[in-house]
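Happy to walk through this one with you.

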Amino acid sequence: MIELKKYEIKEIKLTYKMASLNPKYKDNDNLIIQILADEYNVSTDRIKKIIYRNNEKGTIGSKLRALRKKRHLTQQEVSNAIGISSSTLGGWELNKSFPRRKNLEKLLEFYGITVEEFKRQP
């Protein structure tokens, strides 16, 4: 595996953030991730880890799981409500995969919070 330098990791995060604001890439995080992976000659999984995992407590999956548990809901109940499989939701909660922006927004709307509020959660 190619080891990235600190400045490259910062570049990846900044580039992702800027690209996700571009209407050309709206709802297409996977394309941004693929482009970054090709550019830096690393796997898409490595890019996802850089983008989505700031620290172990701050992962998307643990935040999603905490939201669900706080409301005393099962994965099946949540997945039925937003129209996905429970195994998909389980994968997100375990950080094995990541929801597309559209699905994340549906999920957060179900929980009654905005993307900005979700990002600020510890």
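This is a predicted model: local features need pLDDT of at least 70, side-chain atom pairs count only at pLDDT 80 or more; totals for chains, interfaces and linings use all residues.

Q: Which residues of α4 are buried?
A: Helix α4 spans residues 60-70, and its buried residues are I60, G61, K63, L64, L67 and R68.

Q: Why can we say that the buried residues of α4 line one face of the helix?
A: Looking down the axis of α4, its buried residues fall within an arc of 165 degrees, so they line one face. The cover over these residues includes α3 (44-52), α5 (75-82), α6 (86-93), α7 (101-111) and α8 (115-120).

Q: Why is P99 called buried?
A: Buried means under 20% relative accessible area. P99 has 7% relative accessibility, so P99 counts as buried.

Q: Where is P99, and what does P99 touch?
A: P99 sits in the loop between α6 and α7. Leaving aside residues up to four places away in sequence, P99 touches I60, W92 and L104.

Q: Which residues touch the most other members of the largest nonpolar core?
A: This core has 31 residues, and I12, L36, I47, I51, L107 and F118 touch the most other members. The helices α1 (6-21), α2 (29-40), α3, α4, α5, α6, α7 and α8 each supply at least two residues, and α2 gives the most, with 5 residues.

Q: What does L36 touch?
A: Not counting residues up to four places away in sequence, L36 is in contact with I12, T15, Y16, I47 and I51.

Definitions and conventions: Residues are numbered from 1 along each chain as its sequence is written. Side-chain values use heavy atoms; hydrogens and water are left out. Buried means under 20% relative accessible area, exposed over 50%, partly exposed in between (1.4 Å probe, protein chains only). Helices (H or I, at least four residues) and strands (E, at least two) are DSSP runs, numbered from the N terminus. The arc is that of the directions from the helix axis to the C-beta atoms. Contact means heavy atoms within 4.5 Å. A nonpolar core is a set of buried Ala, Val, Leu, Ile, Met, Phe, Trp, Tyr and Cys residues joined through side-chain atoms within 4.5 Å.
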